[in-house]
Amino acid sequence: MAETVALDPVDLHILRLLQNDARTTYRELAAEVGVAPSTCLDRVARLRRSGVILGHRLALDPARLGRGLQALLSVQVRPHRRELIGPFVERIRALPESLALFHLTGPDDYLVHVAVADTADLQRLVVDEFTSRPEVARVETRLIFQQWDCGPLLPPSVDLTHT
């Protein structure tokens, strides 16, 4: 398990602002949190070096890319052995429809978030890429009607009303 990094209120404020808009400039961040731009730059660099900030991602609208239907696929793999898991995970991660893949405890081994064009495309994906694999014992499909982003992600003891 990774070590927890000590964060002060300025670090937390920077993280909250960057999670809301990763394109915020250092000058804007510095003004918002009340430090010099060079101090802000140093703090963000330290947060990157310590592994708190892992990177920046571009958020896309799947519907605008022709993938207006999203679903969660619960997948059971049998037998659940390491030599099958690696190739399965790599194949699913390589699918253009896959948005996220989670390895779980419980009756299902994986949860796959996918974006497809329509129900026919979803059926093709489930049949051709999942149930056709010999290690896949079962797939349950749940359509996503609506989705909300949450956050920002901060340490457990932080009260957002004071950052």
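Predicted model: local features only at pLDDT ≥ 70, side-chain atom pairs only at ≥ 80, totals over all residues.
Local features need pLDDT of at least 70, side-chain atom pairs count only at pLDDT 80 or more, and totals for chains, interfaces and linings use all residues. Residues are numbered from 1 along each chain as its sequence is written, and side-chain values use heavy atoms, leaving out hydrogens and water. Helices (H or I, at least four residues) and strands (E, at least two) are DSSP runs, numbered from the N terminus.

- In H5 (residues 119-131), Asp121, Leu122, Leu125, Val126, Glu129 and Phe130 are buried (under 20% relative accessible area, 1.4 Å probe, protein chains only).
- These buried residues fall within an arc of 135° seen down the axis of H5, so they line one face of the helix; the arc is that of the directions from the helix axis to the C-beta atoms.
- Their cover includes strand S1 (69-77), helix H4 (82-94), strand S3 (110-116) and strand S4 (136-144).

- In H2 (residues 26-33), Leu29, Ala30 and Val33 are buried.
- Seen down the axis of H2, its buried residues fall within an arc of 100°, so they line one face.
- The face turned away from the buried side of H2 carries Arg27 and Ala31, which are exposed (over 50%).
- Glycine 34 follows H2 and has a positive phi, near 85°.

Methods:
Contact = heavy atoms within 4.5 Å.
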